[in-house]
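Hi,

Here is the structure I promised to pass on. Please have it open while you read my notes below.

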Amino acid sequence: MSDKDAYRSLAQEEGVHLPLFCRDWWLDAVCGPGGWDAAVVEEGGRVAAAMPWHARRRLGLTLLVQPPLTQTLGPWVRETDAGPAGTLERQKRLMTELIDRLPPFAHFEQGWHHGVTNWLPFYWRGFTQTTRYTYVLPDLRDEGALWANLRENIRREIRKAEGRHGLTVRAADSPAELHDLNRKTFARQGRSVPYSPDVVESIDRACEARGCRRIWIAEDGEGRAHAGACVVWDEESAYYLIGGGDPELRTSGATSLCLWHAIRHAAAVTRRFDFEGSMLEPVERFFRAFGARQVSYHLVRKTPSRLWRLRRFMQRPAG
């Protein structure tokens, strides 16, 4: 059995213990069935550790990088009842074996799920780490507490959207409306959308088939879409995957209303809400205003290729 087949079997066996973005059907959706593989280590006929990876080719080089719209990948290690010292020793051995099972690469870059805290075995093999942050509402059970923890400006925006602008939020059947709002948001920032509509459509089909996505559109009485959000979820958490808004209508408070609606719905299907973070200061400030907690995670890299290191250096912003 190939490592990829073993990983698919693991995903069937331990599906609820794998984060959404590490499940085989998600990887099929964002990479294509042939666009990803996995490193797998077995013990006693069972998968003991695994790490999926997505390969791209650039300048004739192999890059193992994050797939589009996929917050985290990283290693998974089966838990045992070993004590602290034994657990760390086992993680070291298994993670080292996972590294050895990776294909030759010019550059490796993955964001890891915040539940994976030990990256030392990768450090010992020449990888580097950067701390990144996401923002999480860890407990969705008490709507009153969630509302109270919103900053006053967010509560004010929600009231304005519903009151002065008469906005309502509805579920959309497809991502078509969200595509347009998402594109307008990137255009306002002078950027192109970093993923294709085909990938979004593929994710939408895969998640809809499993009942784990909802697209919300905030619109006014004239049927104009002000803002939208796509949220996906697993048994542990909902994730704010894609959002967007009409720049000409951005003062209506629609984005805050849309997210508040998404959070309330997430409470009925899972435990937490993950805003998926951002290192952009205005975005971070907005997410934090929802009362979310800052949660760190590892971005792990290694670049053996001198050519790719030079390319990355040349692309760094000046100053």
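This is a predicted model: local features need pLDDT of at least 70, side-chain atom pairs count only at pLDDT 80 or more; totals for chains, interfaces and linings use all residues.

Helix H2

The buried set is Asp-24, Trp-25, Trp-26, Leu-27, Asp-28, Ala-29, Val-30 and Cys-31. The cover over these residues includes helices H1 (3–13) and H8. Strands S1 (36–43), S2 (46–58), S9 (225–233) and S10 (237–245) are also included in that cover.

H2 against H8

H8 spans residues 197–209. H2 packs on H8 at an angle of about 155 degrees, and the two axes lie 8 Å apart. Angles over 145 degrees count as roughly antiparallel, so that is how H2 runs to H8. Their crossing is right-handed. From H2, the contact uses Trp-25, Trp-26, Ala-29 and Val-30. From H8, it uses Val-199, Ser-202, Ile-203, Ala-206 and Cys-207. By class, that contact has 8 nonpolar residues, 1 polar and no charged ones.

Strand S12

S12 (residues 293–302) runs antiparallel to S5 (residues 107–111), and 4 bridges join the two. Phe-108 has Lys-302 of S12 as its bridge partner. S12 also runs antiparallel to S6 (residues 128–137), here with 9 bridges. In that pairing, which residue of S12 does Thr-134 stand opposite? Thr-134 faces Val-295.

Best wishes

Definitions and conventions:
Residues are numbered from 1 along each chain as its sequence is written. Side-chain values use heavy atoms; hydrogens and water are left out. Axes are lines fitted to C-alpha atoms, for helices over the stretch in contact, and angles run from 0 to 180 degrees between N-to-C directions. Angles under 35 degrees count as roughly parallel, over 145 as roughly antiparallel, 65 to 115 as roughly perpendicular and the rest as oblique. A crossing is left-handed if the near helix is turned anticlockwise from the far one by less than a right angle, and right-handed if clockwise. Contact means heavy atoms within 4.5 Å. Ala, Val, Leu, Ile, Met, Phe, Trp, Tyr, Cys and Pro count as nonpolar, Asp, Glu, Lys and Arg as charged, and the others, Gly among them, as polar. Two strands pair if DSSP finds at least two bridges between them. Buried means under 20% relative accessible area, exposed over 50%, partly exposed in between (1.4 Å probe, protein chains only).
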